[in-house]
Amino acid sequence: MQPIQSNGYSVFFDANLSSLKDFLDQSSYSKIFFLTDLNTSEHCMPVIGKYLPHLDNYDIIEVDPGEANKNIDYCIGVWHMLLDFGADRNSLLINLGGGVVTDMGGFAASTYKRGIDFVQIPTTLLSQVDASVGGKTGIDLGSVKNIIGTFAQPQGVFISTDFLSTLDKRQLISGFAEVVKHGLIADRAYFDTIKSADATAIDPPIIYRSVQIKNHVVTTDPYEKGLRKTLNFGHTIGHAIETYSLKTDRDPLLHGEALAIGMICEGYLSHKYNSLNGVELDELIAFIRSVFPDYSFSKKIYTDVIDYMKNDKKNLQGQIGFALLSQIGKCDFNIYLKEDQIIESLDFYNDLLIKKSEQS
Ligand SMILES: NC(=O)c1ccc[n+]([C@@H]2O[C@H](COP(=O)([O-])OP(=O)(O)OC[C@H]3O[C@@H](n4cnc5c(N)ncnc54)[C@H](O)[C@@H]3O)[C@@H](O)[C@H]2O)c1
């Protein structure tokens with residue numbers, strides 16, 4: 001598969017990481033660092049060893065896995081390690097992991113000594129189809145997701161589907177939510193294709209098409225002045241539910257699971273306050289619910305969930321900003337809704353679950 005050209009860098013697709021080998025052979029970095037988490041150290045470093053057996057002059061910085069660690073404390077740890085290991089401005093940071101590692105590593109690299117080079121090697125489906133492309137880096141602050149960050153472009157993104165073989169099923173399905181989103185916002189035919197795909201065994205051409213869609217959006221609008229806001233479809237409500245779940249559930253929702261709920265709620269809003277027709281709304285809901293788990297929540301959480309949305313970066317003058325579908329494959333943005341309209345969509349989601357329990 002041909003590399004995809006992004007904002008000053010390429011996204012390479014080769015299972016054996018030959019492009020990464022070429023990139024490193026042609027470069028002259030003073031030092032090379034890998035940022036990993038415990039799981040990617042265990043499962044993904046051996047893949048690096050297999051395909052780049054001669055790469056041995058590097059240090060590994062390892063963090064604990066999970067969204068709860070995508071914060072300033074861990075980031076300070078990364079900066080300290082870079083300093084202690086003698087990273088200078090001519091060093092390279094290789095972020096090997098899911099979206100948590102690629103987001104935080106990109107942020108750490110873009111701020112250390114006012115910015116050092118970094119590359120992304122995404123190892124989850126979610127980070128391959130979405131998080132590693134587009135130049136958004138960042139960390140969470142308290143319960144507010146991705147609120148601290150930079151726009152910073154990597155030197156390259158290297159995608160190998162080999163990494164996905166050690167990813168558990170739940171993580172694969174979570175990543176599939178971003179694939180579904182890409183179809184919904186940009187490409188009806190692609191949505192039809194993914195409707196018959198197996199979320200736990202995604203074919204490389206599907207990953208490639210998702211990256212193409214995301215890349216088209218982020219190269220057209222790198223700084224989210226317009227079109228890029230469409231990538232937020234499902235995320236305004238999804239992020240708020242995810243934050244709530246992270247704070248309260250013993251086994252919190254994964255990003256894509258929360259996004260799936262957000263896409264149903266925002267699908268409803270697309271029907272009610274934009275032009276998505278009822279037939280397409282039903283199609284969206286039936287497909288999403290056939291793949292992703294239901295999540296029940298009581299009306300008592302609404303206040304908290306709305307409060308989390310108030311911190312969303314897309315808001316304007318106290319109103320909450322949405323990207324909403326006009327049809328499957330097309331998305332509008334800068335649609336501002338009030339709290340009672342958002343609550344309607346949470347009620348709508350809850351009613352779906354009630355109907356299901358009445359039927360069974
Ligand atoms: N920057 C962006 O544009 C963007 C876009 C979408 C999402 N994101 C961010 O991405 C993050 C979610 O990413 P994620 O879903 O990849 O989560 P993650 O990075 O937490 O990875 C999920 C889990 O899988 C493990 N793992 C990773 N690769 C593995 C492998 N190959 N084998 C076995 N285990 C592996 C990780 O250790 C972790 O426990 C969120 O923080 C979200 O905000 C960023």
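Colleague: With which residue does Asp251 form a salt bridge?

Modeller: First, a caution: this is a predicted model, in which local features need pLDDT of at least 70 and side-chain atom pairs count only at pLDDT 80 or more, while totals for chains, interfaces and linings use all residues. Residues are numbered from 1 along each chain as its sequence is written, and side-chain values use heavy atoms, with hydrogens and water left out. A salt bridge is a side-chain nitrogen of Lys or Arg within 4 Å of a carboxyl oxygen of Asp or Glu. The closest N and O atoms of the pair are 3.2 Å apart, and the partner of Asp251 is Arg170.

Colleague: How many residues apart in sequence are the parts that this pair ties together?

Modeller: Helices (H or I, at least four residues) and strands (E, at least two) are DSSP runs, numbered from the N terminus. Asp251 lies in the loop between helix H10 (235–248) and helix H11 (255–273), whereas Arg170 belongs to helix H7 (residues 169–186), so the separation of the parts is 81 residues.

Colleague: What area do domain 1 and domain 2 bury between them?

Modeller: The domain assignment, automatic or from a database, gives domain 1 (4–166) and domain 2 (169–359). Contact means heavy atoms within 4.5 Å, and 24 residues of domain 1 are in contact with 33 residues of domain 2. Buried area is the accessible area (1.4 Å probe) that two parts lose on being put together, summed over both. Carbon and sulfur atoms carry 67% of the total, which is about 2,500 Å².

Colleague: Which three residues supply 24% of the area that domain 1 buries against domain 2?

Modeller: No other three residues of domain 1 supply more of that area. They are Leu125, Val129 and Lys145.

Colleague: How many salt bridges does the rule find across the interface of domain 1 and domain 2?

Modeller: The structure as a whole holds 22 salt bridges. Across the interface of domain 1 and domain 2, the number is four.

Colleague: Which residue has a side-chain N or O atom 2.4 Å from an oxygen atom of the ligand?

Modeller: The ligand is surrounded by 26 residues (a heavy atom within 4 Å). In the side chain of Lys214, an N or O atom is 3.1 Å from a ligand oxygen, and in that of Asp103 one is 2.9 Å from a ligand nitrogen. The residue at 2.4 Å is Glu67.

Terms used. A polar contact is a pair of N or O atoms within 3.5 Å; within protein, one must be able to donate a hydrogen and the other to accept it, and residues adjacent in sequence count only if both atoms are side-chain atoms.
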